[in-house]
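Please prepare a briefing on the model shown below, grouped by topic and written for a reader who has the sequence and the coordinates at hand.

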Amino acid sequence: MASHTALSYSISQRILHWMMFLLIGFNLIFSDGIEHWNRLVRRGDTVTPNDLASANIHAYVGIAILCLAVLRLGLRVIQGAPDAPAAEPLFFKRVSTAAHWAFYGLFFLMPLSGIAAYYFGVTQAGSLHAGLFKALLWVLIVAHLAGVAVHQFYWKTPVLRRMTSGT
């Protein structure tokens with residue numbers, strides 16, 4: 001894996017980060033369409049074109065997330081990532097590294113399990129997707145935001161700027 005001592009992520013890495021933030025947020029918050037479609041299918045009820053369109057939006061956004069995750073991981077391998085700030089204790093550096101790789105795992109597991117459930121009818125994948133994987137993603141998001149807040153307000157390190165302005 002590439003490593004460098006840059007103080008920020010590249011513009012392409014930042015764009016991918018925020019695009020994925022928006023798409024993942026959309027799918028987490030607006031999952032009603034796919035959930036409604038799933039209930040209809042499980043009960044054997046009629047699925048209307050509007051129900052299918054709502055479910056497809058969720059699926060297409062998930063596929064977009066998967067494509068962006070491939071690009072993002074490729075960029076991380078090629079360009080690396082900035083080192084953790086020196087002020088961050090070793091324990092938190094290790095937790096941060098584990099959390100970031102867990103994010104990458106979920107960036108792939110969530111869409112792939114959703115595809116398996118929606119397009120191939122793999123019920124267990126759908127259960128993992130809407131249950132464990134979704135819960136883990138929420139936990140990681142909250143932990144990630146808490147980590148950024150600690151960096152910004154307690155350790156006073158420029159972690160937030162590395163992913164926003166790049167300075």
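The largest pocket has a volume of about 1,400 Å³, where a pocket is an open set of points, on a 1 Å grid over the protein atoms alone, at which a 1.4 Å probe fits and which has protein on both sides within 12 Å along at least five of seven lines. The volume is the space filled by probe spheres set on the points, with grid points joined across faces, edges and corners. The model is predicted, so that local features need pLDDT of at least 70 and side-chain atom pairs count only at pLDDT 80 or more, while totals for chains, interfaces and linings use all residues. Residues are numbered from 1 along each chain as its sequence is written, and side-chain values use heavy atoms, with hydrogens and water left out.

**Pocket lining**
- The lining of the largest pocket comprises 46 residues, a lining residue being one with an atom within 4 Å of a point.
- Nearest the centre of the largest pocket lie S96, H100, F103, H144 and V148.
- At least two lining residues come from each of α1, α3, α4, α5 and α6, and α4 gives the most, with 11 residues.

**Overall fold**
- The chain has 6 helices and 0 strands, these being DSSP runs numbered from the N terminus (helices H or I, at least four residues; strands E, at least two).
- Taken along the principal axes, the C-alpha atoms fill a box of roughly 60 × 25 × 25 Å.
- Of the 167 residues in the chain, 34% are buried, meaning under 20% relative accessible area with a 1.4 Å probe and protein chains only (exposed is over 50%, partly exposed in between).
- Among contacts (heavy atoms within 4.5 Å) between residues at least 6 apart in sequence, 78% join residues at least 24 apart.

**Helix α5**
- Helix α5 spans residues 123–155, and its 33 residues reach 45 Å from the first C-alpha to the last, close to the 48 Å expected at 1.5 Å a residue, the expected span being 1.5 Å times one less than the number of residues.
- A kink of about 35° in α5 is centred on H129, the bend at a residue being the angle between axes fitted to the seven residues ending there and the seven starting there.
- The buried residues of α5 include A125, H129, F133 and K134, and the cover over the buried residues of this helix includes α1 (11–29), α2 (32–43), α3 (49–79), α4 (90–120) and α6 (159–163).
- After α5 comes K156, which has a positive phi near 55°.

**L140 within α5**
- L140, found in helix α5, is buried with a relative accessible area of 14%.
- Leaving aside neighbours within four places in sequence, L140 is in contact with A99, A102, F103 and L106.
- L140 and F103 are 37 residues apart in sequence, yet their C-alpha atoms are 7.1 Å apart in space.

**H151 and T157**
- H151 lies in helix α5 and is buried, with a relative accessible area of 7%, whereas T157 is placed in the loop between α5 and α6 and counts as buried at 8% relative accessibility.
- The side chains of H151 and T157 make a polar contact of 2.6 Å, a polar contact being a pair of N or O atoms within 3.5 Å, of which, within protein, one must be able to donate a hydrogen and the other to accept it, with residues adjacent in sequence counting only if both atoms are side-chain atoms.
- A polar contact of 3.5 Å also joins the side chains of H151 and E88.
- Not counting residues up to four places away in sequence, T157 touches P85, A87, H151 and Q152, and H151 is in contact with P85, E88, K156, T157 and V159.
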